[in-house]
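Have the sequence and the model side by side as you read.

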Amino acid sequence: MTLRIGILVSGRGSNLESILISVRRGLIKEAAVSVVISNRPEARALRIAKRHGVEAVAIDDRGTPTEEHASMVAEALMEHGVRPGEGLVLLAGYMKILPRSFVDLYEGRIMNIHPSLLPAFPGMDAQWQALAYGAKVAGCTVHFVASEVDAGPIIIQKAVEVREDDDEDSLASRILRQEHRIYPQAVALFAEGRLRIQGRRVLVSR
Ligand code: GRF
């Protein structure tokens with residue numbers, strides 16, 4: 001059965017695009033991106049979705065309480081066949097914290113990408129945090145979403161060396177290149193039914 005994927009975005013949409021390309025090229029098998037939803041109507045990510053022929057929906061969150069907005073998002077996902085217990089929800093630069101009710105609804109079926117080697121540097125500006133701390137190694141993490149921010153079970157991580165002449169932009173762009181590799185890999189593993197969550201660990205079967 002085809003896995004139906006819904007992708008939540010807020011901005012640039014480069015991770016969204018890497019996933020759309022991977023589905024089109026058959027690197028992610030037995031899966032289709034059914035809908036892209038943005039809390040920002042002006043997000044570039046919505047234009048990327050349309051360009052790829054994917055349904056793009058804006059659900060503006062300004063003036064709407066978090067819980068209410070999240071249930072509007074869940075409704076739109078379901079309308080597009082991304083059902084709890086069946087579909088997969090991907091956060092790709094989604095700048096909102098999902099309430100527990102949403103995380104529980106799609107339990108074990110929401111993924112996020114974060115530009116640090118978690119649990120180091122959660123939250124905003126992770127690349128800047130790594131530089132400011134003087135870390136020698138930075139990187140990115142794909143993880144399942146739990147209701148605590150950037151804290152769910154880790155699926156794939158990739159390390160990126162911090163160079164002495166790095167600034168936030170140069171480091172962020174080297175990390176981003178790796179994000180575009182590991183996010184589609186993690187989605188492919190999920191679509192192939194090869195991921196199993198055991199406590200904090202994610203086991204990958206061959
Ligand atoms: C990425 O760095 C991702 O790790 C973080 O937000 C950024 C989104 O970029 N969660 P894009 O919208 O995918 O280009």
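Glu-86 counts as partly exposed because its relative accessibility is 38%; buried means under 20% relative accessible area, exposed over 50%, and partly exposed in between (1.4 Å probe, protein chains only). Its partner in a salt bridge is Arg-83, which is partly exposed too, at 41%. A salt bridge here is a side-chain nitrogen of Lys or Arg within 4 Å of a carboxyl oxygen of Asp or Glu, and by this rule the count comes to 8.

This is a predicted model, in which local features need pLDDT of at least 70 and side-chain atom pairs count only at pLDDT 80 or more, while totals for chains, interfaces and linings use all residues. Residues are numbered from 1 along each chain as its sequence is written, and side-chain values use heavy atoms, with hydrogens and water left out.

| Pair | N to O distance |
|---|---|
| Arg-83 and Glu-86 | 3.7 Å |
| Arg-40 and Asp-61 | 3.9 Å |
| Lys-96 and Asp-61 | 3.0 Å |

Lys-96 lies in the loop between strand S4 (88-91) and helix H4 (100-105), and Asp-61 in the loop between S3 and H3, 35 residues apart; helices (H or I, at least four residues) and strands (E, at least two) are DSSP runs, numbered from the N terminus. Both Lys-96 and Asp-61 are buried, whereas Arg-40 is partly exposed at 25% relative accessibility. Through shared partners, salt bridges join Arg-40, Asp-61 and Lys-96 into one network.
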